[in-house]
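I opened the notebook to look at a few places in the chain.

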Amino acid sequence: MKQLYLLFLVIFCSACSKEETYGPTKLKNGQEVELLVDHRFQSVDETLIELPKNTPAEFSLYGFLQRKPGYTYLVKARFHFEKNPPQDGPDRWFDFIRVVNEQRYSGNESFKINLIQSFIPGGPTIYLGKSAEQFQYLGGIQLTYANENLKAQLEEIWKHALEITESRKTNQQAINPKWSAILATVRHDPSNFGNAYLVQEIKFTP
């Protein structure tokens, strides 16, 4: 009987050791982790840190709908591996579970956002909208501006985005943005903190 128990233990341990892991930190499907979420929401410099290893997370975080720019979050998430991912879609990511801690960012540093991005499928797209005379970036973030010249530049970008959209609606030959990149230097707008970025500079790349 003792030998049978030992055999069962060896088989069980062997099966556990063969459980597949993913990424540099060797995550198991369904494993729960803690992630540190950056205050620079939808920015070029945005980071997602896996704790307690304190290393950059290799996969995206999905389902964190209450996230707001200007706040750093410690969240609980579950690693997910998809055996049959959709075409052109990822096969691994983190599913948001809950917020462990939320802290308002108190600094005043500038960072960059990219107003032209390209996702698969699809080509380069201008991510700038306008509603009720307010410019909007990804995730519904309002873009305010430091001066009238920046306002005029945002208006030019928005009108060009409308031109591209209209060309697709009328079945004309699709056109790409006339710039290869648009980088805006921004900071959190103190007059509308948590909802808006204040644009300080816009750099166009032909």
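**Entry 1: Ala 132**

I looked up Ala 132 and found it in the loop between strand E12 (129–131) and strand E13 (134–137). Strands here are DSSP runs (E, at least two residues), numbered from the N terminus. Its phi is near 50 degrees, a positive value in a residue other than glycine. Ala 132 counts as exposed, at 71% relative accessibility. I noted the cut-offs: exposed is over 50% relative accessible area, buried is under 20%, and partly exposed lies in between (1.4 Å probe, protein chains only).

**A note on the model**

This is a predicted model, where local features need pLDDT of at least 70, side-chain atom pairs count only at pLDDT 80 or more, and totals for chains, interfaces and linings use all residues. Residues are numbered from 1 along each chain as its sequence is written, and side-chain values use heavy atoms, with hydrogens and water left out.

I moved to the loop between E4 and strand E5 (55–56), where I found Pro 52. The peptide bond from Leu 51 to Pro 52 is cis, with omega near 0 degrees. Asn 54 is in the loop between E4 and E5 too. Phi of Asn 54 is positive, near 60 degrees, in a residue other than glycine. Is Asn 54 buried or exposed? I read a relative accessible area of 54%, so Asn 54 is exposed.

**Entry 2: His 39**

I then checked His 39, in the loop between strand E3 (32–37) and strand E4 (48–51). His 39 is buried, because its relative accessible area is 5%. What does His 39 touch, not counting residues up to four places away in sequence? I listed Pro 69, Gly 70, Tyr 71, Thr 72, Tyr 105, Glu 109, His 188 and Tyr 197. Contact means heavy atoms within 4.5 Å.

Notes:
Helices (H or I, at least four residues) and strands (E, at least two) are DSSP runs, numbered from the N terminus.
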